[in-house]
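Subject: Structure for you to look at

Hello,

Here is the structure I said I would pass on. Please open it alongside this message; my notes on what was found follow below.

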Amino acid sequence: MHEYTSTVRIRSLSCPGFPEEVSRARRWTRDILHGSPLADDAELIVSELSANAILHTASGRESGSFHLTVAVSAQVVALSVTDDGGTGTAPKIEHQDQDAEGGRGLGMVSTLAHRIVVHQSQAGHTVTAELFTNGHSC
């Protein structure tokens, strides 16, 4: 397929910042990627990024929310979670030892994803994890 005629499907979902919404985001992602060899990894990534938004930002506060976007093309699946901010620092990848209680989420995402991009704005943080399809259609 020519690069100028390729199609990208983009879907978005907004969720209240409740812990049970993480499973909703995971199911929604699985439904979008049904049949794709990347579905399991994408589901796990969305789960981690959504949980991080709720646990570590204003998304988990009363009336908070997080926003999920899944973009699918023939070359890549991009999974983005945008939080409500409220923290002084952007999310960062930390590699913790096995005994650590937390802090392994983005490290684990980095082992599954081919690339992670963190964008910080006044409105919050967006973490995008990209999975390359290696020619497989999604």
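**Salt bridges**

Arg 115 is partly exposed, at 45% relative accessibility. Please keep in mind that this is a predicted model. Arg 115 makes a salt bridge to Glu 130, with the closest N and O atoms 2.9 Å apart. That pair links distant parts of the chain: Arg 115 belongs to strand 4 (residues 115-121) and Glu 130 to strand 5, 15 residues apart. Glu 130 counts as buried, because its relative accessibility of 13% is under the 20% cut-off.

Searching the whole structure gives four salt bridges. Another of them joins the side chains of Glu 43 and Arg 30, at 2.8 Å from N to O. Here too the pair links distant parts of the chain, with Glu 43 in helix 2 and Arg 30 in helix 1, 13 residues apart. Glu 43 is buried, at 13% relative accessibility, while Arg 30 is partly exposed, with a relative accessible area of 33%.

Glu 21 and Arg 24 form a salt bridge as well, and their closest N and O atoms are 2.6 Å apart. Both residues lie in helix 1, three residues apart, which is about one turn of the helix. An α-helix has 3.6 residues a turn, so residues three or four places apart point the same way. Glu 21 is buried, with a relative accessible area of 12%; Arg 24 is partly exposed, with 30%.

**Overall layout**

The chain has three helices and five strands. Starting at the N terminus, the order of the elements is β-α-α-β-β-α-β-β. Of the 138 residues in the chain, 40% are buried. If you take the contacts between residues at least 6 apart in sequence, 61% of them join residues at least 24 apart. The chain exposes about 8000 Å², and 49% of that comes from carbon and sulfur atoms.

**Helix 1 and Thr 29**

Helix 1 has 13 residues and, at 1.5 Å a residue, should span 18 Å; the C-alpha atoms at its ends are 19 Å apart, which agrees. Its buried residues are Glu 21, Val 22, Ala 25, Trp 28, Thr 29 and Ile 32. Seen down the helix axis, these buried residues fall within an arc of 125°, so they line one face of helix 1.

What covers the buried residues of helix 1? The cover includes strand 1 (9-16), helix 2 (39-56), strand 2 (65-72) and strand 3 (76-82).

Thr 29 is a residue to look at in detail. Its place is in helix 1, which runs over residues 20-32, and it is buried, with a relative accessible area of 0%. Leaving aside residues up to four places away in sequence, Thr 29 touches Ala 42, Glu 43, Val 46, Leu 68, Val 70 and Leu 79. Among these contacts is Glu 43, the residue that forms the salt bridge with Arg 30.

In soluble globular proteins, nonpolar side chains tend to be buried together. The largest nonpolar core in this model has 28 residues, and the members that touch the most others are Ile 45, Val 70, Val 77, Leu 79 and Leu 131. At least two residues of this core come from each of strand 1, helix 1, helix 2, strand 2, strand 3, helix 3 (105-112) and strand 5 (124-132). Helix 2 gives the most, with seven residues.

Which residues does Leu 131 touch, not counting those up to four places away in sequence? They are Leu 38, Asp 41, Ala 42, Ile 45, Gln 75, Val 76, Val 77, Leu 79, Leu 112, Ala 113 and His 114.

**A positive phi**

Ser 63 has a phi near 65°, a positive value in a residue other than glycine. Most residues other than glycine have a negative phi, and most peptide bonds are trans. Ser 63 is in the loop between helix 2 and strand 2. Is Ser 63 buried or exposed? Ser 63 counts as exposed, at 76% relative accessibility.

Regards

Conventions: Residues numbered from 1 in each chain as written. Predicted model: local features only at pLDDT ≥ 70, side-chain atom pairs only at ≥ 80, totals over all residues. Heavy atoms only, no water. Helix = DSSP H or I, 4+ residues; strand = E, 2+ residues; numbered from the N terminus. Buried < 20%, exposed > 50% of the residue type's maximum accessible area, 1.4 Å probe, protein only. Contact = heavy atoms within 4.5 Å. Expected span 1.5 Å × (residues − 1). Arc of directions from axis to C-beta. Core = buried A, V, L, I, M, F, W, Y, C linked by side-chain atoms within 4.5 Å. Areas by Shrake-Rupley, 256 points an atom, 1.4 Å probe, with all protein chains shown as cover.
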